[in-house]
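Take a look at the sequence and the model, then read on.

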There are 2 protein chains.
Amino acid sequence: MTAAVLSIGTELTRGELVNTNASWISAGLTDLGFEVTEHSAVDDDKGRIVAALERLARGAKVVVCTGGLGPTTDDLTTEAVAAAVGVPIERDAASLDHIRRRFEKLGRTMSESNAKQADFPAGATILPNPIGTAPGFAVEVHGARAFFMPGVPREMKRMFDEHVVPRIRELAPNDSHQLRFRTFGLPESVVGEKLSGVEAGFPGVTIGYRAHFPEIEVKVLARAADRGAAVDLAERAAAEVQARLGEVIYGNGEDTFAGVVGRALRTRGWTLAIAESCTGGLVGHLLTKEPGASDFLLLDAVTYANSAKQAVLGVDEDALRGHGAVSAEVATRMADGARRVSGADVALAITGIAGPTGGSDTKPVGLVYLAVSTPKGTVVKEQTFPGERHWIQTLAAYVGLAMVRVACKNA
Amino acid sequence: MTAAVLSIGTELTRGELVNTNASWISAGLTDLGFEVTEHSAVDDDKGRIVAALERLARGAKVVVCTGGLGPTTDDLTTEAVAAAVGVPIERDAASLDHIRRRFEKLGRTMSESNAKQADFPAGATILPNPIGTAPGFAVEVHGARAFFMPGVPREMKRMFDEHVVPRIRELAPNDSHQLRFRTFGLPESVVGEKLSGVEAGFPGVTIGYRAHFPEIEVKVLARAADRGAAVDLAERAAAEVQARLGEVIYGNGEDTFAGVVGRALRTRGWTLAIAESCTGGLVGHLLTKEPGASDFLLLDAVTYANSAKQAVLGVDEDALRGHGAVSAEVATRMADGARRVSGADVALAITGIAGPTGGSDTKPVGLVYLAVSTPKGTVVKEQTFPGERHWIQTLAAYVGLAMVRVACKNA
């Protein structure tokens, strides 16, 4: 069963507002089991609203629209719908009364422009708006069920949940199920290759990919005769995906990489210290974005200057002078120093050249040394990361967190 | 001159991703003087991509498309464009070489699926992608100039600025001019109220707002008979905006708040140390995201545990025990300690309760103490920030940075 979303407003087509309504409604329709084939956003132009509505209504069984129900002259949705359906506009006495009472409650007088919000295409079903002035409405347009709601997200969400969902739920097939995996460590192309043939092996399954640098999310969507069969199919395909990707998968659904590393530390019962240089606090920020980092995090010493590496971590001047701040020796001393000064069980240190300047022939931009110090000893890794500053910093932070996770497992 | 935006990807129509690309591109096209009449987002379905592209190309002079250029089987844009234009697909040797070299630089072998990213509709103009594997391309579709770019925002933005804008600029009417201000410190509704009436006072001017938490961007767009008149009108309206908003404006255009603070430190010739607790490295991360932070940043000590506050910053146990870690006294000692241990000219300390747990009746979630230590003495501020963890951390980091900026000015 297909559905489409239409957003109306010049503030959208001019890019002044990000269209969060369209994604929220689409996610809701997808959850119900609809296949959303298109979002369209048009400016406040009656002809274009009519054309978009007619087109979407011809291609989908359900069309959910927002915006253009306000009191001003550029709010044209009701007019456009009446034109598309070929009916006159009628004023609804009950709605007018609701709007007038709303204004009275606020100690204001209703203006003529607000009275316009009680106008509907003849024959429309009115959808109440308990938290705003503009009611919504539902009509049939060229065989599709079309719903019109205000663009204000709060009002729209409540109207969708209370008045749209109950009217379309029985149309949804409820025959799909989706599982999601979060991965780090391979580029999208390699993840795709590793999973090539899974779709063919499990008819009804679609594998989707979503890159949120530096992660790739893998989505396994199964459609089958009914919901039970879809769950079963999704789970079998997901098992194949897990077998093929192995360690690259770090979690499911809403997991975050930092959250998974935090979990590994908690499981191991370890406290953590960090010493950062080129990543400038990013590792600490990733870990503390999640609640509960105080369970394990004692210290993140962002020792940006060499003097700070000496003063806070006790890195000796000879090491800095002899090997340079970006070296395996200094990374090792930073990790050992962070562990010593904080008393943590494990410490991660990262020192490198994030660029764009500061690189040389022997130490190019992107060169990073990462060290993990545990009671068993200190492991150090040299990596050269590609891309610009932000990439280098992010990849270094992730690789460092991955090293902490491995240390927790192997301890 | 009309333009349209087409976004391709099931992650959009399923509502898994908010379509920020469409609004960013629309804002760019609007800035150039185009009238953007529609955004459309379609799922990864070849037939629907072709239909949407043909429809948009018939209605607009420029069509800017993103997504579906990746290496996996659900990336269908190139195929769809070739079908819409009626040309075969050809592999481009130079692009293939670029992709292969990119992989070699990363020490990896290019896979066959990545080779697909060197395929283009015959006759297309290839748009280089210096920061990703997938090049973009431009073709003519039913008389419209159509551009195809990757969906990854970073790659898309750079390609749009460097390769799309120069190819469409001369098509735009060139009768508009836009100035942008970046603000921090007031909510969008209050910024809007302060600027109420500016549009009426300057006919032809539109004021737009864009919230990137915790900042509000204010855009002053002027349209006039010609470019010169538009520049003049925009500048006069912008002067009025500046007069009304005053200090709330921290910069223009592409300025970032951390960048402006870094500039203030450089101008003052000061070095900086930071001591963070509840912000967990965010202040350091914001400052070091920008290149050149090593000019001034010596140390960011994220002393998450009390023991670290003592060991690294020398905060005495009595202060921690008597006042608690979240107190004006401890904030002061953290700032003084960070300045002393690093030898920096100025130090910022932040300690608070980011939540969701850890609050109490006397010290609720959101309570944050910020201190700035300079040779003249230490200033401390108590604030209670609203919202959830991420909001509290971000607001605290911004307010702290603002205090550093003020200290630089007043020194």
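## Chain A at a glance

Among contacts in chain A between residues at least 6 apart in sequence, 65% join residues at least 24 apart; two residues are in contact if their C-beta atoms, placed from the backbone, lie within 7 Å. Keep in mind that this is a predicted model, where local features need pLDDT of at least 70, side-chain atom pairs count only at pLDDT 80 or more, and totals for chains, interfaces and linings use all residues. Residues are numbered from 1 along each chain as its sequence is written, while chains are lettered from A and ligands numbered from 1 in the order in which they are written.

Chain A has 16 helices and 17 strands (DSSP runs numbered from the N terminus: H or I of at least four residues for helices, E of at least two for strands). Its radius of gyration, taken over C-alpha atoms, is 29 Å, well over the 22 Å that the globule rule gives for 411 residues, so chain A is more spread out than a compact globule. That rule is 2.2 Å times the number of residues to the power 0.38. The C-alpha trace spans about 85 × 55 × 40 Å along its principal axes. Of the 411 residues in chain A, 52% are buried, that is, with 20 or more other C-beta atoms within 10 Å of their own, again placed from the backbone.

## Around helix H12

In chain A, helix H12 packs against helix H16 at an angle of about 65 degrees, and their axes are 9 Å apart. Axes here are lines fitted to C-alpha atoms over the stretch in contact, and angles run from 0 to 180 degrees between N-to-C directions. Here's who touches whom:

| Helix | Contact residues |
|---|---|
| H12(A), residues 282-289 | Leu282(A), Val283(A), Leu286(A) |
| H16(A), residues 389-410 | Gln393(A), Ala397(A), Gly400(A), Leu401(A) |

Over in chain B, His285(B) sits in helix H12. Is His285(B) buried or exposed? It is buried, with 26 other C-beta atoms within 10 Å. Leaving aside neighbours within four places in sequence, His285(B) is in contact with Gly280(A), Gly281(A), Leu282(A) and His285(A).

## A sheet in chain B

Four strands of chain B make an open antiparallel sheet in the order S10-S11-S9-S12. Strands S10 (205-212) and S12 (249-252) stand at the edges with a single partner strand each, so one side of each is left without a neighbour in the sheet. Two strands pair if DSSP finds at least two bridges between them; S9(B) and S12(B) are joined by three.

Notes:
Buried ≥ 20, exposed ≤ 12 C-beta atoms within 10 Å, placed from the backbone.
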